[in-house]
Amino acid sequence: MGKNVVESYHAIRITTLKRRGWLAGGGYPGHLSWSRLGERTGSIDLLTWTSKGEGTMMMYTYSKTEIFSHEVKLVSTPCHYGGVRWWFICPLSRGGIPCGRRVGVLYLGKYTGCRHRHDLAYQSSKDSHKFDRMAIDMGCDPRAFSRMMNQIGK
Ligand SMILES: [Zn+2]
């Protein structure tokens, strides 16, 4: 069976990488695949490189005609009782500003990032005036109100 394009419901967990020994220092090639109801729905190849608590994951995804590569930074934080906990740094950027969130799960798709359906997050950020009407109705400054609502939404 050929390689499929990854769908947005596919996700990578940092714990999977750790469990498979791909974060143990040095470089490792890896492969992950997903299936649903016994049918392969997608697969990716990985290359991880870690050293001194930091690292990089290269991800390769495939369409019928192209290979896409994504680079994701990896960082670790010390655990309370020894050892480290690893994180992905969300590779998405919005309007040129990197997301940079430290996350344990990376959702794959058209936009690979920290949130399921990140493309919708894009949509709503463009839609930043959506609270203006509400603010005016409440007698608030629309900009301050929008900031507050966006904070709540996080
Ligand atoms: Zn993100």
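**View 1. How L32 and I44 come to face each other across a strand pair.** Two strands count as paired here if DSSP finds at least two bridges between them. In this predicted model, L32 stands opposite I44 in β3. Another such couple is S35, which sits opposite R40 in β3. Strand β2 covers residues 26–36 and strand β3 covers residues 39–51, and the two run antiparallel over 11 bridges.

**View 2. The turn of the β2 and β3 hairpin.**

**View 3. The open sheet, strand by strand.** Read across, the 6 strands go β2-β3-β4-β5-β6-β9, with antiparallel pairing. At the edges you'll find β2 and β9 (102–103), each of them pairing on one side only. As a reminder, strands of a sheet pair through backbone hydrogen bonds, either parallel or antiparallel.

**View 4. Inside the largest nonpolar core.** This core has 17 residues, and F88 and L106 are the ones touching the most other members. At least two residues of the core come from each of α1 (14–19), β4 (54–62), β6 (84–89) and β10 (105–107). In soluble globular proteins, nonpolar side chains do tend to be buried together.

**View 5. Zooming in on L106.** Which residues is L106 in contact with, leaving aside its neighbours within four places in sequence? The list runs A11, I12, V72, F88, T112, G113 and C114.

Key
Residues numbered from 1 in each chain as written. Predicted model: local features only at pLDDT ≥ 70, side-chain atom pairs only at ≥ 80, totals over all residues. Helix = DSSP H or I, 4+ residues; strand = E, 2+ residues; numbered from the N terminus. Core = buried A, V, L, I, M, F, W, Y, C linked by C-beta atoms within 7 Å. Buried ≥ 20, exposed ≤ 12 C-beta atoms within 10 Å, placed from the backbone. Contact = placed C-beta atoms within 7 Å.
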